[in-house]
Amino acid sequence: MRVTVFGTSGLLGQELVKELSGEQLTALSSKDADLRDQARIRDVIRGARPEWIILAAAYTDVDGCESNRDLAFAVNCQGAIQVAQAAREAGSRLIFLSTDYLFDGTKRSPYEASDTRNPISVYGESKARAEERLLEILPDVCIVRTSWLFGHGGPCFPATILKLAADRPEIAVVNDQRGCPTFTPDLASTLAQLCRKSARGIVHATNSGDCTRYEFAIEIVRASRMPTTVRPVTTAEFPRPARRPTYSVLSADSLHAYNIHMPEWQDALRRYRGKTPVAPAPGV
Ligand SMILES: NC(=O)c1ccc[n+]([C@@H]2O[C@H](COP(=O)([O-])OP(=O)(O)OC[C@H]3O[C@@H](n4cnc5c(N)ncnc54)[C@H](OP(=O)(O)O)[C@@H]3O)[C@@H](O)[C@H]2O)c1
């Protein structure tokens, strides 16, 4: 398979490079190809002539997007449109990485791929608009919505919790945001399978099961045998620039339709911990 990946310095991109090492891979960081540089995007895709493009590059600072709306749209929406146009010219298939944050969180049962987008943040809005345009430009595009990524090689929720827990006897974590944690090696494997299965349309891909941020933190601390107490708090107690959906569990039905099943998030967390150096106990 000839594959071009954008965003290879990112959390997911690094795992995609490992997962696709046996393929004819063109790996592009933001230094190789900035999504805002239309001529460069066209050149690299024309040069590589990939069967598949995986667009894992994005401006992912959800709070930063609120004060940098133009940048969020330039990268996440206009950049994606440019990749899709170049893909159409080159005859390449495209997987676009999207997000649970394009839902408003008012549902109380898992979001289906067909549910209505109603983003409540600039980041979610930039991804929602990108999805709409991509489906027009490339009718066989595959949009993969995922959520709560964690993995090695960059900042993520478990790494933050482990660092805080190593420094403090008690940490406070919000208990009114429910979603699906997703381990980047599991998602990279799923994306490779979706290419091989010639997937199209909107697919939800997360680890199985769901939890609140607080429940996730409890499991992280427990699995690390740390003495830290985790205290549940509300989002209102810790206001952030961007609103987050209170519920953004993604239904796996669209993924199961391709006969792909992702492991439970607790199992993924064990594998993540297995490769994470144990943080020193407080005071040691
Ligand atoms: N993280 C999550 O919880 C989450 C949840 C749902 C969906 N997603 C989506 O999943 C995908 C992968 O996320 P991630 O967590 O792996 O992201 P990440 O770690 O923040 O990595 C983002 C990647 O995009 C690159 N990038 C940023 N601006 C760029 C630009 N203007 N031109 C070209 N490349 C640019 C970055 O390059 P530099 O390192 O050089 O800046 C980096 O390689 C993204 O599409 C994201 O929106 C993520």
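Trainee: Is T8 buried or exposed?
Mentor: T8 has a relative accessibility of 13%, so it counts as buried. Buried means under 20% relative accessible area, exposed over 50%, partly exposed in between, using a 1.4 Å probe and protein chains only. Bear in mind that this is a predicted model, where local features need pLDDT of at least 70, side-chain atom pairs count only at pLDDT 80 or more, and totals for chains, interfaces and linings use all residues. Residues are numbered from 1 along each chain as its sequence is written, and side-chain values use heavy atoms, with hydrogens and water left out.

Trainee: Where does T8 lie?
Mentor: In the loop between β1 (2-6) and α1 (11-19). Helices (H or I, at least four residues) and strands (E, at least two) are DSSP runs, numbered from the N terminus.

Trainee: And what is T8 in contact with?
Mentor: Leaving aside neighbours within four places in sequence, T8 is in contact (heavy atoms within 4.5 Å) with G13, Q14, V17, A27, L28 and S29. For S29, the backbone nitrogen lies 3.4 Å from a polar atom of the T8 side chain.

Trainee: OK, rings now. How many aromatic pairs are there?
Mentor: Nine. Rings of Phe, Tyr and Trp (its six-membered ring) pair if their centres lie within 6.5 Å; planes under 30 degrees apart count as stacked, over 60 as edge-to-face and the rest as tilted. One of the pairs is F157 with F216, which is stacked at 5.2 Å centre to centre and 15° between the planes.

Trainee: Which parts does that pair tie together?
Mentor: F157 is in helix α6 (residues 157-167) and F216 in helix α8 (residues 213-223), so the pair links parts 59 residues apart in sequence. Both F157 and F216 are buried.

Trainee: What about F216 and W265?
Mentor: That pair is edge-to-face, with 5.4 Å between centres and 80° between planes. W265 sits in helix α10 (residues 265-274) and F216 in α8, so here the parts tied together are 49 residues apart. W265 is buried, like F216.

Trainee: Which residues form the aromatic cluster?
Mentor: F150, F157, F183, F216, W265 and Y272 form one cluster.

Trainee: Which charged end sits over the ring of F157?
Mentor: That of R213, 5.3 Å from the ring centre. The test is NZ of Lys or CZ of Arg within 6 Å of the ring centre and within 35 degrees of the ring normal.

How values were computed: Polar contact = N/O pair within 3.5 Å; in protein donor to acceptor, adjacent residues only side chain to side chain.
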